[in-house]
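Subject: Structure handover

Hello,

Here is the structure for your files. Please look it over first; my notes on what was found follow below it.

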Amino acid sequence: MSFAREPLPKATAIQLFKSLYLARRSEEYIVKHYPENLMRTPMHMSMGQEFVCVGVCSALEGKADVFASYRSHAAFLAQTHDTDRFFSELYGRTSGTGEGKGGSMHLAAPDQGHILSSGVVATQIPVAVGAAFANRQLKTGRTAVVFFGDGAADAGVFWESINAAALFKLPVIFVCEDNGYAVDTPREARQMSKSLSDVVKPFGADTYEDDSGDVESVYSLAKEAVAKAHRDRRPAFLNIKCCRYLEHVGIGTDWNWGYRDQATVEREWIDRDALKVQRKRLAEHQVSEAAIAAIEDEIDKAIQASVKRASQAPIPTPDRLHAGVFYEKA
Amino acid sequence: MRKLDYAGAIREATTQEMERDSRVFVYGIGVPTWSSIFGTTKGIREKFGEERCFDTPISEDAMTGFGLGAAIRGLRPIHVHIRVDFMILATNQLINMVSNYTYSTGGKLKVPLVVRAVIGRGWGQGAQHSKSLFSNFTHIPGLKVIAPTTPSDMKGMMISAIRDDNPVICFEHRWLYWAEEDVPEESYEIPLGVGRILRPGKDVTVVGLSWMNVEARLAADILAKRGVSVEIVDPRTLAPLDENLIVESVKRTGRCIIADCDWVDSGFSAELSARINEKCFGKLKAPVKRIGFAQTPAPTVRELENEFYPNARTIVHAVEDVLGLEAANLDGEDFFSHERRFRGPF
C-alpha cells in the first residue's frame with residue numbers, strides 16, 4: 001500500500017531527501033566512531049527505518065510535539081535537524097540536549113518539538129495523549145505524534161492510550177514503526193492478531209497501513225491522517241512497515257543471530273532503500289548530479305562541524321550531578 | 001475563621017487554585033461522580049466544566065502518562081487515586097518517566113503534576129485497599145512526597161503542591177477526611193519541605209506520619225496524666241524531608257519513637273531512624289523505636305485487624321518502654337474507634 005498518489009513537488013522531494021540523508025549520515029558517523037568509546041551511551045540505531053520519522057515529521061512542518069522511543073535518532077533529527085545538540089548529547093557534553101544526562105535514549109529538545117524519547121518500551125505513548133489534551137486546551141495548533149515499535153503494541157498501555165485518545169476525542173498520531181521484531185522475537189510469536197490495524201480500528205481510531213518503504217508515501221499518508229484527525233477529533237494509527245538494518249542495540253549487523261535472513265532482507269528492503277529511492281527521484285526532478293552532491297556535501301560538512309563543536313564543548317563538572325533533580329526557576 | 005474538615009480543605013484548595021489558574025484541572029477514576037473521592041472533588045465539575053474535572057477509564061498507567069504529557073505541555077494536572085493500592089499500576093510512569101523528566105532534559109522541562117493517593121484503614125479493607133507505601137515513592141529522586149495531617153496544613157500544602165513545578169505525591173489518610181479545625185478561608189501556601197511541631201514536650205519525641213499523629217496526640221494526653229511530656233513532630237513533607245526539625249527535637253528529648261502507618265521493614269520509619277541515629281548518636285538516651293503495621297498483608301477480620309494496625313495504645317507502651325516505666329493499665333482510657341464515625345461498606 002502506497003500513499004504517494006501523485007508525485008510531490010520538487011521542493012518537498014528535496015526536503016525529504018535532505019532529512020533522510022541527515023539522519024543516515026549522522027548514524028554512519030556513529031557507526032564509524034562508536035568504537036572510539038567516546039560516545040558512551042547505548043545506541044538503538046534508526047538506520048533503514050528513518051523514512052518513517054522523516055515522512056511524518058516533515059508532513060507536520062515543525063508543528064509537532066514528538067514523543068519517541070529509545071530508537072530516537074531519526075525521530076530527533078527529522079524533527080529538529082539539530083546535529084549540534086544531538087552529537088553533544090551523545091558525547092556527554094553540557095551543550096547536549098540534556099547536558100549529557102539523557103544520552104541516546106533520552107534526547108530532548110522540547111523547544112523544537114522533540115519532547116523526550118524514552119527507554120522503557122511504550123512509556124512514551126500515553127504522554128503524547130496528555131500533550132494532545134494540553135494542545136487542545138491551550139489552543140496551540142500543535143499535533144502530538146508518538147513513534148513506537150511493534151513491540152510496544154504488546155503492552156497494555158498502548159491499548160489504554162488508544163482508547164483514552166479516542167474517548168477524549170484527541171487527534172493523537174500514533175505511528176507504529178513496524179519492523180517486525182522485538183529485539184529478535186518476531187511479531188508472530190508475540191501477537192495473535194494478523195493486523196494491528198484491525199484491532200485498533202474498533203477502539204475509535206482511523207487506521208492506515210503502509211508497506212511501501214517510501215518516504216513520500218509516508219509523507220502523503222501523514223498529511224492525510226493529521227488533517228482527518230483534527231477535522232474529526234479522533235486519533236490516527238499509522239502502521240508503517242519498515243526494516244531495521246542493524247542489530248537491536250549497537251552499531252553492528254546481526255545476521256549471525258539467525259532470526260532473519262540477510263539475503264531476504266537485502267532483497268525485500270535494502271535494495272529499495274528509501275534514501276536511494278529518494279536520491280533517484282531528485283534526478284527525475286531534473287536535479288543534477290552535481291547539485292545532489294552539493295546537497296550531500298553541505299550536510300556532511302554540517303555533521304562534521306557539529307561533531308567538532310561537540311568535542312570542544314565542556315564536559316559537565318561534578319557539581320552538575322545534583323543539579324536539575326527538581327525544576328528550578330530560571 | 002470557620003471550621004473546615006480535611007476533605008473540605010482539599011476541595012477548597014483545589015477550587016481556589018482552579019479559579020486562580022485556568023491551567024489547573026483534576027481528573028481520575030470517580031473524580032466527578034456523586035461520591036467524589038470522599039467529597040474532596042464535590043461540585044468542581046459543576047463549577048468548572050467537564051474539560052477541567054473528568055472521569056477516566058480504569059487505565060492508571062496511561063492516565064499517569066497523560067498527566068505527565070499535559071504537565072510538560074503547559075497544564076497543571078491533579079490526578080486522583082482513590083486507593084494507593086491502585087496507584088501501583090501507575091508506578092511505571094511515576095518512577096520511570098515522571099520522576100526523571102526534569103533531570104534527563106538537563107533541567108529544561110518542568111512537571112507540575114499533583115498525584116493524590118488515598119491511604120488508610122477502613123472497615124475490613126483487607127490486603128488490597130489498605131496500603132500506604134510511603135517509602136516506595138520517597139525512595140525515588142525527583143518526586144516530592146507529602147502527607148499532611150491537619151486540615152489547615154492540607155489546604156496550604158495542597159495549594160503549594162499545585163503551584164509547584166515538580167511532581168508532588170500527596171498521601172491522604174481516609175480517616176482524616178472528617179477531621180475538623182479552624183481553616184482560613186483565604187488562599188495561602190504552606191511551603192513543602194517544612195515540618196511542624198504539633199505538640200511541644202521534653203521527655204520523648206514522637207515523629208508521627210499522617211493518621212498516627214492523631215493517635216500520638218491521644219497517647220500524649222494519656223501520658224501527660226502520668227507526668228510524661230511528649231513532643232509530637234509531624235514531618236508533613238516526607239521528601240524533601242525537614243530533617244533538621246526532627247533532629248533538633250530528638251537532641252532535646254534524647255528519645256525518639258517513629259509512629260508510622262505503614263510496614264516497618266524497609267519503610268519510611270527505617271529512613272527516619274537511620275538519619276536520627278546518624279545525627280543524634282551521642283544524644284540518644286535510648287535506641288530509636290519504630291511502630292508500624294505488622295509485617296503481614298492486612299487481614300480483614302476485625303480481631304486480626306486490631307492486631308495489625310498500631311494505635312495510641314501502641315504508642316503509650318512504646319513510650320513506657322523507652323522511659324523504663326511500668327506499663328500502665330489503660331482500661332479506663334477512651335481510644336479512637338472509627339466505627340463511631342462510619343460503617344461500611346467502603
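The C-alpha centres of domain 1 and domain 2 of chain B lie 27 Å apart. Domain 1 of chain B covers 2-183 and domain 2 covers 196-338, with bounds that come from an automatic or database domain assignment. This is a predicted model, in which local features need pLDDT of at least 70 and side-chain atom pairs count only at pLDDT 80 or more, while totals for chains, interfaces and linings use all residues. Residues are numbered from 1 along each chain as its sequence is written, and chains are lettered from A and ligands numbered from 1 in the order in which they are written.

The contact between the two domains takes 25 residues from domain 1 of chain B and 24 residues from domain 2 of chain B; two residues are in contact if their C-beta atoms, placed from the backbone, lie within 7 Å. On the domain 1 side, the elements that give two or more residues are helix 8 (134-138), strand 6 (144-146), helix 9 (151-163) and strand 7 (168-173) of chain B. Helices (H or I, at least four residues) and strands (E, at least two) are DSSP runs, numbered from the N terminus. The residues of that side divide into twelve nonpolar, ten polar and three charged. Here Ala, Val, Leu, Ile, Met, Phe, Trp, Tyr, Cys and Pro count as nonpolar, Asp, Glu, Lys and Arg as charged, and the others, Gly among them, as polar.

Two strands pair if DSSP finds at least two bridges between them. B:Val114 has B:Val168 in strand 7 as its bridge partner.

Next, strand 11 of chain B. Five of the five residues of this strand (residues 230-234) are buried, so it is largely enclosed by the rest of the structure. A residue is buried if 20 or more other C-beta atoms lie within 10 Å of its own, exposed if 12 or fewer, and partly exposed in between, with C-beta atoms placed from the backbone. One face of strand 11 has B:Val230, B:Ile232 and B:Asp234, and the other has B:Glu231 and B:Val233. Strand 9 (residues 196-199) of chain B runs antiparallel to strand 11 and is joined to it by three bridges, with B:Arg199 opposite B:Ile232. Strand 10 (residues 204-208) of chain B pairs with strand 11 in the parallel sense over four bridges, and B:Val206 has B:Ile232 as its bridge partner.

Between the chains, 38 residues of chain A are in contact with 34 residues of chain B. Helix 4 of chain B gives the most to the chain B side, with ten residues. By class, that side has 13 nonpolar, 15 polar and six charged residues.

As for chain A, it has eleven helices and eight strands. Of its 330 residues, 50% count as buried.

Regards
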